[in-house]
Amino acid sequence: MPLDRRRFLRTGALTLGAPALAGHLAPAAVASTARRPRAPLPDSFDRLPSGSVTPRGWLAEQLRLQLQGLCGRYEERSHFLDFDTTGWTHPDRDGWEEVPYWLRGYVPLAVATGDQAALANSRKWIDAILATQQSDGFFGPRSLRTQLNGGPDFWPFLPLLMALRTHEEFTGDERVVPFLTRFLSFMNAQGPGAFDSSWVSYRWGDGLDTAIWLYRRTSEAFLLDLARKMHTYGANWVDNLPSPHNVNIAQGFREPAQYAQLTGSAELRQATYRTYASVLGAYGQFPGGGFAGDENYRPGFDDPRQGFETCGIVEFMASHELLTRITGDPVWADRCEDLAFNMLPAALDPQGTGTHYITSANTIDLNNAVKSQGQFQNGFAMQSYQPGVDQYRCCPHNYGMGWPYFAEELWLATPDRGLAAAMYAACQVSAKVAGGTTVTFTEDTDYPFDETIKLTLATREKVAFPLHLRVPGWCANPRIEVNGRPVAASAGPAFVKVDRSWTDGDVVTIRLPQRTTLRTWSAQHDAVSVDHGPLTYSLRIGEDFVRYAGTDTFPEYEVHATTPWNYGLTPGALPVLTRADDPLAGAHGVAYAGLADRRFIDFPTGWGDRTIVDSLFGTAGVQRTVALEVVDTTTALTMVQRGLGLAFVAEELIASHPGLTQVDLADPPPVHGLGLAASRNHPPSEAGRALRRTLLAAR
């Protein structure tokens, strides 16, 4: 049975494992958060109005697929999106988060694509929703007035308020600001019970974002009081992890940094960094930028087979985008790109007609079956691609904001009346800079599949303004030129500021050299992943898409592997280890010749590491004695601990075996390099051979 998310909190499941990380979150001394809020401090960057950025290239294609696929046509499939029966347009009917989730993605999708039918449909929904407001400011399904603790359940409203904001920014609709003012005034009139329990208590960061947005337009003092209630009565994210639920975390961890916009507290801002580091450190130990949460994180379920909910992916992206603006720290943009490039695409089928509930870093089969042995927490099938109206429910309604919000956040305004290129994709941006002059940058690039970005300026007059260019954290040697002249640029993560007078036709060229590197995941038994700049490689597995249900418009697919997938990479040097009380432990600059009279423990002749070591000793003209042959490193290390000989073993294993130490060699130690291991019974596929060529080229 699908999980009833409205009742999930009452089961107590959200308390599962929550204390596990709490001890890692508390700082030595937590600053008081009771300080009354004041007018918002300026953010490091500001959002441009919706519609300022026009996507091009691969991003425009993703948005086209989304418009023609699940998000754009979901009204045809989801009974929750029936305009004639939902409580969001007919208040006497029921309604919850599905329409708000969907509109939050659909409205900016219509804006980003410029599709006239979608824009008209968005307007139809917005008009109907605005017409439901009552005299006290409440709107939408009347049943929500008494849904939570006998009072209003504000959670479903929060994503809908964001859709209304997008509409206002794009159209200038003068009804929206008064509408939101009346509704948030109604919200402010409620007692603690409307703030301190259920889903909304963990997600008031969304409410803070809207309250601050509205205050900057109206200066209404009650909005500061409302923000205080959201922070004070809502869940404590400052020195605590109040929920193990992946979407609650993806939305909620940023709340302290948001409230710091109103208090100036550096400690609150730092609390957001701490929570992120704690959760990712424990449950995000695999590539892609997400963490194991299916539905909650759980101690003991943290390896790459675990899944990250599709809702979690897009909510985490939105949080990283917001934190980029608030803090000005480019690391959040790096993290957003990681999710956008390496996890979000896998959450959807190639045509964008279906999604799955969870995405795992290591997945070799997608089917519509419940997983055994508790691999995933939820008791329903979560991996096949499908519309999932009732089976997945939240994710297919919510995923739609991922790419449209990403497109909007490519470019940002700056307090010094300039522009910032926060993330990179082909697009065109038009915005006002110093003196109110409107300028347009055309961005030509195939990033992240290429490392060069070209920005061409169009302006009717000469204008001076700063241009801030992000250098990602993985880029050590950026090269930036303006009209062919180099600009000083440091390694990332950083923003490079180019402050000059600009004229029509100026060209900025950004080169971000991409290297192929290994990441070692020590918490995953020293597993490794391969990155190339912002992209994480995955082995291309042959795919058999099997349609098991659905229609031509909304097919439902299982996906099965048709080629071998069980490959592994083995990195690292092979230092020689001995007991700490061995005379060699204190020696310096030991040559291979100095080991000629020592006994060795090694793998059988012909094994990879044995062959490497034998070759080096042979080249040095040294005959060594292998006294014991073993077939695994654990046995080899045990033999060394018992004083039975020396062993060349991967250096990452030293720390886990006390009493052993590395011999200081004068000669270079043997090195694994990179080995590609395949099944003896299956020759490497073309994908395997391609990966081998890539790794060899990166040596």
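How many disulfides does the structure hold?

1. The structure holds zero disulfides, a disulfide being a pair of cysteine sulfur atoms within 2.5 Å. Cysteine 311 is in no disulfide, and the nearest cysteine sulfur, that of cysteine 395, lies 3.6 Å away. Cysteine 311 is buried, at a relative accessible area of 0%. Buried means under 20% relative accessible area, exposed over 50%, and partly exposed in between, with a 1.4 Å probe and protein chains only.

2. On the model itself: this is a predicted model, in which local features need pLDDT of at least 70 and side-chain atom pairs count only at pLDDT 80 or more, while totals for chains, interfaces and linings use all residues. Residues are numbered from 1 along each chain as its sequence is written, and side-chain values use heavy atoms, with hydrogens and water left out.

3. The chain as a whole has 699 residues, and buried residues make up 56% of them. There are 21 helices and 27 strands; helices (H or I, at least four residues) and strands (E, at least two) are DSSP runs, numbered from the N terminus. The accessible surface comes to about 27800 Å², and 49% of that belongs to carbon and sulfur atoms. Such areas come from the Shrake-Rupley method with a 1.4 Å probe; for residues, only the protein chains shown count as cover. Contact means heavy atoms within 4.5 Å. Among contacts between residues at least 6 apart in sequence, 71% join residues at least 24 apart.

4. Helix 11 covers residues 222-233. Its twelve residues should span 16 Å at 1.5 Å a residue, and its end C-alpha atoms are 16 Å apart, which agrees. The expected span is 1.5 Å times one less than the number of residues. Nine of the twelve residues are buried, so helix 11 is largely enclosed by the rest of the structure. The buried residues include Phe222, Leu226, Arg228, Lys229 and His231. Among the elements that cover them are helix 8 (176-188) and helix 14 (266-283).

5. Where does leucine 410 lie? Leucine 410 is in the loop between helix 18 (402-408) and strand 6 (411-413), and is buried, with a relative accessible area of 0%. Leaving aside neighbours within four places in sequence, leucine 410 is in contact with residues including Val53, Leu59, Ala425 and Cys427. Alanine 425 is 15 residues from leucine 410 in sequence, and the two are 7.3 Å apart in space, C-alpha to C-alpha. Cysteine 427 is also buried, at 0%.

6. Glutamine 66 is in helix 3 (residues 57-68). Glutamine 66 is buried, with a relative accessible area of 4%. Beyond its neighbours within four places in sequence, its contacts include Cys71, Leu109, Tyr399 and Trp403.

7. The count of aromatic pairs comes to 49. Rings of Phe, Tyr and Trp (its six-membered ring) pair if their centres lie within 6.5 Å; planes under 30 degrees apart count as stacked, over 60 as edge-to-face and the rest as tilted. The rings of phenylalanine 253 and tryptophan 332 have centres 5.9 Å apart and planes at 45 degrees, so this pair is tilted. The pair links distant parts of the chain, 79 residues apart, with tryptophan 332 in helix 16 (residues 330-342). Both residues are buried.

8. Arginine 335 lies over the face of tryptophan 332, at 4.6 Å from the ring centre. A charge sits over a ring if NZ of Lys or CZ of Arg is within 6 Å of the ring centre and within 35 degrees of the ring normal. The charged end of arginine 298 sits over the ring of phenylalanine 301, 3.9 Å from its centre.
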